[in-house]
Amino acid sequence: MCKDSACFLTMKETDLEAVATAVQRVAGMLQRPDQLDKVEQYRRREARKKASVEARLKAAIQSQLDGVRTGLSQLHNALNDVKDIQQSLADVSKDWRQSINTIESLKDVKDAVVQHSQLAAAVENLKNIFSVPEIVRETQDLIEQGALLQAHRKLMDLECSRDGLMCEQYRMDSGNKRDMTLIHGYFGSTQGLSDELAKQLWMVLQRSLVTVRRDPTLLVSVVRIIEREEKIDRRILDRKKQTGFVPPGRPKNWKEKMFAILDRTVTTRIEGTQADTRESDKMWLVRHLEIIRKYVLDDLIIAKNLMVQCFPPHYEIFKNLLSMYHQALSTRMQDLASEDLEANEIVSLLTWVLNTYTSAEMMGNVELAPEVDVSALEPLLSSNVVSELLDTYMSTLTSNIIAWLRKALETDKKDWSKETEPEADQDGYYQTTLPAIVFQMFEQNLQVAAQISEDLKTKVLVLCLQQMNSFLSRYKDEAQLYKEEHLRNRQHPHCYVQYMIAIINNCQTFKESIVSLKRKYLKTEAEEGPCLSQPSMDGILDAIAKEGCSSLLEEVFLDLEQHLNELMTKKWLLGSNAVDIICVTVEDYFNDFAKIKKPYKKRMTAEAHRRVVVEYLRAVMQKRISFRSAEERKEGAEKMVREAEQLRFLFRKLASGFGEDADGHCDTIVAVAEVIKLTDPSLLYLEVSTLVSKYPDIRDDHIGALLAVRGDASRDMKQTIMETLEQGPMQASPNYVPIFKEIVVPSLNVAKLLK
């Protein structure tokens, strides 16, 4: 009742909604007065639409009714069919129960059928069965004669007979193991023949690189036999999907075994090339790698030109052989890398692996192109192994370089004590063999590193220069010890001066060699980082050369000491030839110093000039003499001027070719002489002022000592001059080189002036 009420309400709501929609449509049609004339037209149009809709509804309802009628008819027919099938199944079940006993009584018939089938198969293969022993003997003879194709044909016949009988037996009675064993035993020799034939095939394959040149038809026969066996394997595997039977020994997979044999042959060939050991031959690794290179190149050329013609294209024999050789080489290189290699052996190995292997001497050979793409080959050694080898090499090289440098220095030190002069270069400059030995060693190691890689070359260059820096510090210490040992006994060593000159010249050679080395082994200046900067080494070399020059000058001034002590004394005033001896001695020494290379000789000449003048001025400031009269002052001053000119001439001569100013220092002696020579004491202040203006580093004690040497300046005059000069200190010129700064004036409590 509720459902009827709900339906009634729904229909009522639908009618109301339809009326509302109709009112809305009518209102839309009659919005203007002129549309009232078309009311009849609108009514007819709506009537047609209504009739059309009703017709469609009737057609749809009729179609639905027809479908329902058809469905009911089919359901009725299906019900009848089900009843019929049910009855038929009941009849079949009844008949089956009745026939069970009948089926069991036919078991003997079934066994007879199976036996008949087996006998039929046996009769069919009877001829082959009786001839099995004869075929086995013939096959064995053919194998021994090397007629492999004929032997394989007979072997195929034997296997075909055996497999046919066993397959039939399996199909008829798979559980009958006794008959299977009987058949297998009768054909037992077949498996032995197969193994013997396989052994012959593998022997041919092991010598394939030789066989392909001498008798390529034999290799072709082997490949044909393998290809036959591959086809039989595929056919049997396809039959297995249907019957489930697989003959004994199948699949043989001879193609897979063939590649395994070739792989073992390649590995054995690579490993068998090592003829020597480190104990028997220091160059064992170089020889080993060269033999490998030659063998591999020859083998691949033969494979490319000859072997590919003996194999089907889908075997890709050259590609596979190339992969085998590459893998065998990689394994061999890893084995070698794992050994305790020496530094030169590491270099040989890495050079071969990184350069030789991909070069035109091996894989990049034109005879292997285009089949071999060098860029596609994997590295023989991993980057980690290469890094470990390089680290080991750098560590060993560092130790070796330190030892070599130490030994070279020790050898050079022994030469310093020789009684004979050192050798001279083509320009006549003394030198020792140390720079040549050191840089020859560096050069050899850099050339070796360059064969491996640019990066290693740079690392070795950095190492060489770093060790060079440490070596130069030791060289400096040894030169200092050499000097100190000589000063303890100046008679020993006999050629001290000459070898010290050689040490000084070596510094210049070292500088030039370092520059040459960097220019040769650095592509661009941008590669020169802080580790390769040269100023520190230049500083050490300059210090060594400077100390060497100082030690030589010390030799000179030790010999001049007696004569320098005569200056500005009574003996000097009375006609001492001390300056003559000084000039002769200096010139004699500098004749030996001519063997010093120009940069250091120039510096040494300037230093000798300055130091002689300083010693002369020191003699003045030590107040060894005090002139008693104007005549003595004039005589002494003129002598000073003459000796200054004498020294000027000497050092001009020594400095010829250097562009050195040899006048400046000697002018100081002349200026001091002018103060001493002055006859009018009232002008002494002006003269001293002029002297101070020229030489701003002159101190009060210097002026006091100079006035004391004159001998005529009163205490008041000295005081006045000192006070006046203190009021206006002079500013030194930027280019002025102090000369009075290092002259110490004795204090007044020193003993009386030397007479």
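1. Let me begin with the lining of the largest cavity, which divides evenly by class into 3 nonpolar, 3 polar and 3 charged residues. Please keep in mind throughout that this is a predicted model. The residues in question are Lys476, Ala479, Gln480, Lys483, Met500, Ile544, Glu547, Gly548 and Ser551. Two helices, α17 (454-488) and α19 (535-566), each contribute at least two residues to that lining.

2. Two or more lining residues come from each of α15 (383-416) and α16. Of the elements involved, α15 gives the most, with 4 residues. By class, the lining of the second largest cavity splits into 3 nonpolar, 2 polar and 2 charged residues.

3. Helix α16 (residues 434-452) also deserves a look for its packing against helix α14 (residues 343-356): the angle is about 35° and the axes lie 8 Å apart. On the α14 side the contact uses Val347, Leu350, Thr351, Leu354 and Asn355, while α16 brings Val448, Gln451 and Ile452. No charged residues take part in this contact of α14 with α16, which has 5 nonpolar and 3 polar ones.

4. Next, helix α21 (residues 578-593) and helix α22 (residues 598-621). Their packing angle is about 165°, with 12 Å between the axes, and α21 is therefore roughly antiparallel to α22. The crossing of α21 past α22 is right-handed. Val579, Phe590 and Phe593 of α21 meet Lys601, Met604, Thr605, Ala608 and Tyr616 of α22. The class count for the contact of α21 with α22 is 6 nonpolar, 1 polar and 1 charged.

5. The contact is built from Val672, Val675, Ile676 and Lys677 of α24 together with Leu706, Val709 and Arg710 of α26. In the contact of α24 with α26 there are 5 nonpolar and 2 charged residues, and no polar ones.

6. A few backbone details are worth checking by eye. Most peptide bonds are trans, and most residues other than glycine have a negative phi. The bond from alanine 369 to proline 370 is cis, with omega near -5°, and proline 370 sits in the loop between α14 and α15. The bond from histidine 492 to proline 493 is also cis, again with omega near -5°. Proline 493 belongs to the loop between α17 and α18 (496-521).

7. You will find methionine 568 in the loop between α19 and α20 (570-573).

Notes
Residues are numbered from 1 along each chain as its sequence is written. This is a predicted model: local features need pLDDT of at least 70, side-chain atom pairs count only at pLDDT 80 or more; totals for chains, interfaces and linings use all residues. Side-chain values use heavy atoms; hydrogens and water are left out. Axes are lines fitted to C-alpha atoms, for helices over the stretch in contact, and angles run from 0 to 180 degrees between N-to-C directions. Contact means heavy atoms within 4.5 Å. Ala, Val, Leu, Ile, Met, Phe, Trp, Tyr, Cys and Pro count as nonpolar, Asp, Glu, Lys and Arg as charged, and the others, Gly among them, as polar. On a 1 Å grid over the protein atoms alone, a cavity is a set of points where a 1.4 Å probe fits but cannot get out, and a pocket is an open set with protein on both sides within 12 Å along at least five of seven lines; lining residues have an atom within 4 Å of a point. Angles under 35 degrees count as roughly parallel, over 145 as roughly antiparallel, 65 to 115 as roughly perpendicular and the rest as oblique. A crossing is left-handed if the near helix is turned anticlockwise from the far one by less than a right angle, and right-handed if clockwise.
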